[in-house]
Amino acid sequence: MSGNKANGIRYGMVIDVDKCTGCMACSVACQQENNVSFREDETNKLRSITWLEVYSLDNGKSYPEHRQAYLPRPCLHCDTPPYPPCTFVCPVNATQRDEETGLVNHIPVRCIGCRYCISACSYHARYFNWWDPKWPKPMEEMLTPDVSTRMRGVVEKCTMCVHRLQLAKEKAFIEGRRELHEGEYVPACVEACPAKAMTFGNLFDSHSEVAKLAKSPHAFRLLERLGTEPKVYYLSTQDWIRKLSDNVI
Amino acid sequence: MTEENKKHDSGLLGWLLFVVGFAGALFVGWVVFPQLLYTTEYQPINYNHQIHQEEAGLSCEDCHYFREDGTYAGKPMLSACVECHGEVQGETEDEERLVSEFVEPEKEIPWVSYTRQPDNVFFSHVAHVKMAEMACSVCHRDVENEIKAPPVKINRLTGYPIEIMKMHVCEDCHARENVSNSCDTCHH
Amino acid sequence: MKLDRRAFVKLIAGGVGGTLLSPLPWKLADDTAIWTQNWFWRPSPERGGASTVNTVCQLCPGGCGISVRLINDRNAVNIDGNPTHPVNQGGICPLGAAGLQFLYGPSRIETPLQQTGKRGDLKTFKPISWDEALQILASQLQKMRQQTTGLVCVSGKSEGTVPELFSRFLQAYGSPNYLTMPAAADAQALGSLVSQGTSSPIGYDLENAKMVMSFGCSYIEGWTAPSRMMAAFGGWRSQTNRSRTRTVQVEARGSLSASKADEWVAVVPGTEAALALGLAQVIVSEGLYDRSFIGQHTHGFEEFRSLLRRDYTPEKVAGITQVDKSKIVALARDFARTKPAVALHGLGQGRMPGSVYDFLAVQSLNALVGSLHQAGGMSRKPQLPLAPWPEVVLDATSLRGKSAPRVDGAGGSQFPLSTQVFYNFVNKAKEGRVQPGVMLWVYEANPVHNLADAQSFTAALEKMETVVSFSSFMDETTQLADLVLPGPTYLERLEDVPTPPGLQYRVFGLSNPVLNPRFETRHPGDVLIQLAKSLGGSVAASFPWSDYEAALRERVKGLANVPSGRVADEPGIEPWNVGLGQNLEPNYGSFDELWEKLTEYGCWFDTSEPMPSWDSAFKTPTGKFEFFCQKMRQVGIEGSIVTYLPHYAPVEPAGDTNTYPLVLVPYESMAITNGPVANPPFMTKLLFDFQLKGNDSFVEINPETAGRAGLREGDRVELQTERGTVKVRVHLTQAARPGVVFIPTGLGHTAFDSFIKGKGVNANEILVVRQEQITGLATWWDTRVKISKI
């Protein structure tokens, strides 16, 4: 991992696939939190925007040895040195990794919609706005001002709810602190999870829950062999899940 | 007239025209264009900063304060006005209109912003004012003794007020002060 | 002087030069760049101060605490779980997280409506004022009161002060016909009544159980209180020591509940209870049962033992369920030796009553291993110590109504045990066998879509003289109403949310309005009080409150009068660790303080109701837990000895196996809601493209079954049952049992908004409902079906 490990911050997530009940509250909470648009027909999954996509896995065995599991996949905020694949290819600097937090951002107003980053991402974590987002009139009132809405022709993706980081910082500042306590900044998906399958925090802080879990013998990352160094870890004791998660996405 | 003279003549005229064109363009570019580019918008009612401080004894923080969660309240909502102006107190026409047009129908006052940023820009006042100890007047006009709120010039093309700060100003200072210039510091 | 070409060029050159030295091009270019980023046509939400208001979700009976984020105290922009609420511990389910899509949904009803044309024609709904609406209703009720049984009320909620007010109104008015939507709780109430002497709902101490065996319950997919179950599951999976809680799922489909269990026992659909009896037989014959409990506190064990020995040997049960004999034996031993172990009842999410014997079978397993009324076992959901309202004032008419036979025949000679027989009402009404002039009220329910055999309810509705809906949304049932009295949504109204289903401790949730009602809606509680007042006489006297809030406060006073209980005001409260029977020091001094704290945090809880002592636990004729249910005999149910014992009594699926060679089983999941509201866009969006594609929904079948029928992935098929036909596509999966077709419920809406209307088919249209002979309880778990390619 890049960055200064001694006192740096690398926000990351651990998702316990064995605890996940597949309810998708994470993905719904994400849509509400980030003003993700929705259309009448979202069944063409190549055109559908879900920052946190839930994948369906199965062990490929016959009834009744068959088992299924759901795998929630936010943007993995790759710590690839020196650049994540997606930011490396952006011709207009619309996406970068913040080296102070490790979060990979994407600024839609700057994006020209070339979609190079989408093809560079190994995890299908980036989405293109094929249409202008539209909300039925009354539903515009439920949009949050914390995240600006997008337009057709630009890319968008999970930001780890970076606006929540900024809000947490403002709270700390008013209290005269520069440091955040663990748990003050948590993305919407993690907060929503009813089974507490998701943990978020600073991977560089060895006392943090997330750092401990990431070192578990059951921890793994998606397509680890690519060397993208994702900062989202998964936990599972099931071999088939560990194996499949390297292929399914 | 000789041919030469003719030539000379037209040359003179040519240069004259050049100067006319040059001056005209400068005039258009420096004088007419800004006039055309900006519209002038007036505040729905006048707010007299001075009188509120001197006579009502309000301090800046009574209206422009940090909320408990560290966010900045900016311009006050109507509810702050209603605390005193539930009924007409003085004799100004603006106050009368405040009560009849906004307080009574419970309608928020559509103040025109002097420093409106687009909705993808998130400026943290607490980071600048409290942590970096910057004075308000670094970015905003000094309103302490202001009697009449000035009109706002709005760019027709961008919709931004003329006083808006541009991103390179932010970036320069952030670079100087060794503060993060990552996009998501301000944009999300 | 002539302006020649050269001069002209000079003029232009001057102009260009001047322009370049002016700000015009540079400013214009810059502004244009900014303009391209100025996306004025998409919404730019209003900024302002954020606040959070705690309340309780009411989208299902799960009773989760939620925190709603508001901007400028006006616009609700987010719903999160409330971390101080013990039920969901800060978590939230997808439906709860999408709650704002209901508040701001396009299918909200904005004013009272009167149908002026043909029923179902949305164009002829006329907006009317509340005064007008109440006057229309009151005068009609006044007229009808001569024949008092003519008012029927269907409530989607079974507990809480608003359903109580509805039931109270019917009593005061003089009608015995208060019905709640059918549910597994119906069978549980009857089962508890006959075996334990009380019909209170079931509670499970799951957080303290070491083994959880679910008989067909979608225990992490919406069964009982969904978020509580998911939190409990997360808790079990967090235990790292060797004695961590293990789960066993008995189910025909390889659902998430099955896949996530430590063991999945695949059975023939509908034979879950037979497996329970098979386990019971092994436990009894191997002497693994709790001898002291069975010896001292049960009645009829010997009869039960002989029945088990005769009919439920592992061989026989293996034949019924198609589970290996050795597996049955191993499961039984495991279940008996793991302490505490608990068996769960209620197929799917618990929306189907099923047979009372299925419940008795599962309950007997809990009794045998000594898990009844024990920590980590199956108990009763404790009652809330709410203060009673004054007695209903009865006049001659309401007294007559009280003793009149119910429209569904419950409590009569055919169904002496039952308190309601929903489908009897449906069938009688459909066939025109109820008296003319019936007025039907529908509250928090959408039976036209949600009831199995949906067409029958629609047909029954046609026979109703007047249909009144109290819904906030234009759902299928409301579309067919004559009068619509829209209520505010749960985020705009005050209401109590009593202990969620399946809980072992007391919870009283208070749902607060987080914002002002957006439309001209009125709280159903207030509507009933106003209606009662305009009817006058004893009806008005039965509703002495000024408004709903006064009525609610009166009941809540009871909480302040008991010496135990707390308002949940800090995160991480785990009542199950306090231990049942422990008193909690109240953190309020008076009712006013309690009310204030309740409105701030939303939840009161209490653990003081002890596990009953054995002398008082059972209110049966013998004072013991009765395997042999004497109550059944007392009320006049006749039959052989088996009739009174837990046994496997399947109601055969309709249709012959030659015409309908496959079995159709509905399945419920967290992805599609089955409640009175339709799936919100956020959730529908997340359905996989093998669940919904365009407007086509999919059924799951095993590749082997598909191969025999010549079907490939995605093929369009027609499903035909005795009830009807629907067109779907097939998804081939090994999660499906060979020979079984699994159909998702909750799709196929013909109402609501364009985000859900017309998507998929409604499974309820082809499910065949059968009724249990002695109770009239409905079963629709397995239906014979024919699948043909189109």
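In the predicted model, the contact between chain A and chain C takes 53 residues from chain A and 59 residues from chain C, two residues being in contact if their C-beta atoms, placed from the backbone, lie within 7 Å. The elements of chain A that give two or more residues to this side are helix H1 (25-33), strand S2 (53-58), strand S3 (68-73) and helix H5 (188-192); helices (H or I, at least four residues) and strands (E, at least two) are DSSP runs, numbered from the N terminus. H1(A) supplies the largest share, seven residues. By class, the side of chain A that touches chain C divides into 25 nonpolar, 14 polar and 14 charged residues. Ala, Val, Leu, Ile, Met, Phe, Trp, Tyr, Cys and Pro count as nonpolar, Asp, Glu, Lys and Arg as charged, and the others, Gly among them, as polar.

Residues are numbered from 1 along each chain as its sequence is written, chains are lettered from A and ligands numbered from 1 in the order in which they are written. As the model is predicted, local features need pLDDT of at least 70 and side-chain atom pairs count only at pLDDT 80 or more, whereas totals for chains, interfaces and linings use all residues.

The contact between chains B and C takes 30 residues from chain B and 27 residues from chain C. Helix H1 (residues 3-37) of chain B gives the most to the chain B side, with 19 residues. That side has 17 nonpolar, nine polar and four charged residues.

Chain B contains seven helices and two strands, in the sequence pattern α-β-α-α-α-α-α-β-α. The C-alpha atoms of chain B fill a box of roughly 85 × 50 × 30 Å along the principal axes. Of its 188 residues, 14% count as buried (20 or more other C-beta atoms within 10 Å of the residue's own; exposed, 12 or fewer; partly exposed, in between).

In chain C, helix H5 (residues 130-144) has buried residues C:Ala133, C:Leu134, C:Leu137, C:Leu141 and C:Met144. Seen down the helix axis, these fall within an arc of 95 degrees, so they line one face of H5(C); the arc is that of the directions from the axis to the C-beta atoms. The face turned away from the buried side carries the exposed residues C:Asp131, C:Ser139 and C:Lys143. Among the elements covering the buried residues of H5(C) are strand S6 (151-155) and helix H21 (524-535) of chain C.
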